[in-house]
Amino acid sequence: MAAPARAVVVVISDDGTIDLVPTLRPRVTRREVAEVVQRFVDVASADEIDGELFARSYDAVRAMSFYLNAKQCETVNELYEAEHDRRYASGGLRVIQDPLEPNPEMVDAYFSDKS
C-alpha cells in the first residue's frame with residue numbers, strides 16, 4: 001500500500017487572511033533543540049536555582065517540545081519534577097504541567113540539518 005499523498009491547502013478568506021492546513025512547523029536544527037534542552041539542564045542542575053531563569057528556560061524547552069526525542073523529554077521531565085518537589089518540600093507551591101512527550105508527528109524532515 002502506498003503512503004498517502006502529502007498536501008498543503010492554502011485557505012484565503014474573504015477578510016484577507018491566509019491559512020495553511022495543516023499548520024506547518026518551521027524546520028530547526030538538531031543543534032538548536034539540543035542547546036535549548038542543555039540550557040534548561042544547566043539551569044535546573046545548578047546548586048542554587050534561579051527561579052526566573054528556571055521558568056524561562058523551561059518555557060523555551062516547551063516552545064520546542066514538538067522536536068524533542070524521548071530521552072530529551074525524560075531528562076527535562078525529571079529535572080522539572082525534582083525542582084518542583086524541592087520547592088514544595090520547602091513550603092512553596094507546586095506547579096503542575098503535563099509531562100513532555102515525543103510528538104508522533106515529528107519526523108526528521110523537520111530538521112534542517114543532515115546529522
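A surface patch, as the term is used here, is made of residues with over 30% relative accessible area and no salt bridge, in which like charges are joined within 9 Å and nonpolar side chains (Val, Leu, Ile, Met, Phe, Trp, Tyr) within 5 Å. A salt bridge is a side-chain nitrogen of Lys or Arg within 4 Å of a carboxyl oxygen of Asp or Glu, and accessible areas come from the Shrake-Rupley method with a 1.4 Å probe, only the protein chains shown counting as cover for residues. The model is predicted: local features need pLDDT of at least 70, side-chain atom pairs count only at pLDDT 80 or more, and totals for chains, interfaces and linings use all residues. Residues are numbered from 1 along each chain as its sequence is written, and side-chain values use heavy atoms, without hydrogens and water.

Val 8, Val 10, Ile 12, Ile 18, Leu 20 and Leu 24 form a nonpolar surface patch of about 570 Å². At least two of its residues come from each of strand E1 (9–12) and strand E2 (18–21); strands are DSSP runs of E with at least two residues, helices runs of H or I with at least four, numbered from the N terminus. Ile 12 lies in strand E1 and is exposed (over 50%), with a relative accessible area of 61%.

Glu 83, in helix H3 (residues 70–89), is buried (under 20%), its relative accessible area being 3%. Its side chain is joined to that of Arg 87 by a polar contact of 2.8 Å; such a contact is a pair of N or O atoms within 3.5 Å, and within protein one must be able to donate a hydrogen and the other to accept it, while residues adjacent in sequence count only if both atoms are side-chain atoms. Leaving aside neighbours within four places in sequence, Glu 83 is in contact (heavy atoms within 4.5 Å) with Ile 49 and Phe 54.

Glu 52 belongs to helix H2 (residues 51–63), and its side chain makes a polar contact of 2.5 Å with the side chain of Arg 56.

Terms used: Buried means under 20% relative accessible area, exposed over 50%, partly exposed in between (1.4 Å probe, protein chains only).
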